[in-house]
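Have the sequence and the structure open side by side. The walk below goes strand by strand.

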Amino acid sequence: MTTLTVEHQARFPVAVVRLYGLLDRHTAQVAREAMLEPLADQPSALVVDLRRVRVSNEITLVLFAAVAARAARWPGTHLLLVAPASGIGGALARRAVSRHLTVYEPMEAALAAARNFPVPRRVTLHLHPTVYAAASARAFVLAACERCDVPPATRDLAELVISELVGNAVRHAATPLDVSLLVRGEDLYVSCRDRALGRPVAKTPDVTEERGRGLLLIAAVSSAWGCVPTTDGKIVWARLDTR
């Protein structure tokens, strides 16, 4: 049985994941989940140490490009790889993965580069799944937007989106919630984390139904939205353009 061991060392603002063992089609999912897990803390950069990884089939290395694309989409995290040029680094180059991702050696060089990325402004609020949760989330997001000088039009959208996210989580997850607002450059990210498994599904309800349009509304007003699984639930997020 092939094994891949994972070690998480840091979370924010620079997350570090170390992988040990064999990367193949059986352990690729383990590696993927290990890299996606720290994104819940919305770091500015994610450094993945591959110096002790062996590869049975180089095609599995496209995994890193896929994770990098997902991290860039939310929460805008940069993915940096650490790999020796004589080993897995060469395989990354042959598979053209290194065309899209920067591969470093030694580890210190990757950490130095990661620390140069701007640390995003981030605030969070813990909520209980009550009838007052959505109103509390709206007030929290409005105050945070004002402190971060977010334009009024974007503040209104952020209030609308977080109200829908929290309302959905209260109705369907009914677990403690964590609301987050993050400003990265000209993008504003709002998210809601719950402790229930399963992914939200956008549906087109019948015209007579009073509910069920929340995700459609979020998709309409945001530049992107999605769902990221966590070890204990999920994060549903939306990105708004402050311009």
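Two strands pair if DSSP finds at least two bridges between them. The strands themselves (E, at least two residues) and helices (H or I, at least four) are DSSP runs, numbered from the N terminus. This is a predicted model, in which local features need pLDDT of at least 70, side-chain atom pairs count only at pLDDT 80 or more, and totals for chains, interfaces and linings use all residues. Residues are numbered from 1 along each chain as its sequence is written, and side-chain values use heavy atoms, with hydrogens and water left out.

Start at strand S8, residues 187-194. Seven of its eight residues are buried, meaning under 20% relative accessible area with a 1.4 Å probe, protein chains only. Strand S7 (residues 177-184) pairs with S8 in the antiparallel sense, over seven bridges. Val 183 has Leu 188 of S8 as its bridge partner. Two residues lie between the strands of this hairpin, where Gly 185 takes a positive phi near 65 degrees.

S8 also runs antiparallel to strand S10 (residues 233-241), joined by eight bridges. Here Asp 194 stands opposite Lys 234 of S10.

Now turn to an open sheet of five strands. Its order is S1-S2-S3-S4-S5, and the pairing is mixed. Strands S1 (4-10) and S5 (103-104) are the edges, each pairing on one side only. Strands S3 (residues 45-55) and S4 (residues 78-82) pair in the parallel sense over five bridges. Leu 46 stands opposite Leu 79 in S4.

Helix H4 (residues 107-115) packs on this sheet. H4 touches S2 (14-23), S3, S4 and S5, contact being heavy atoms within 4.5 Å. The direction of H4 makes about 160 degrees with that of S3; axes are lines fitted to C-alpha atoms, for helices over the stretch in contact, and angles run from 0 to 180 degrees between N-to-C directions.

Note on methods: Buried < 20%, exposed > 50% of the residue type's maximum accessible area, 1.4 Å probe, protein only.
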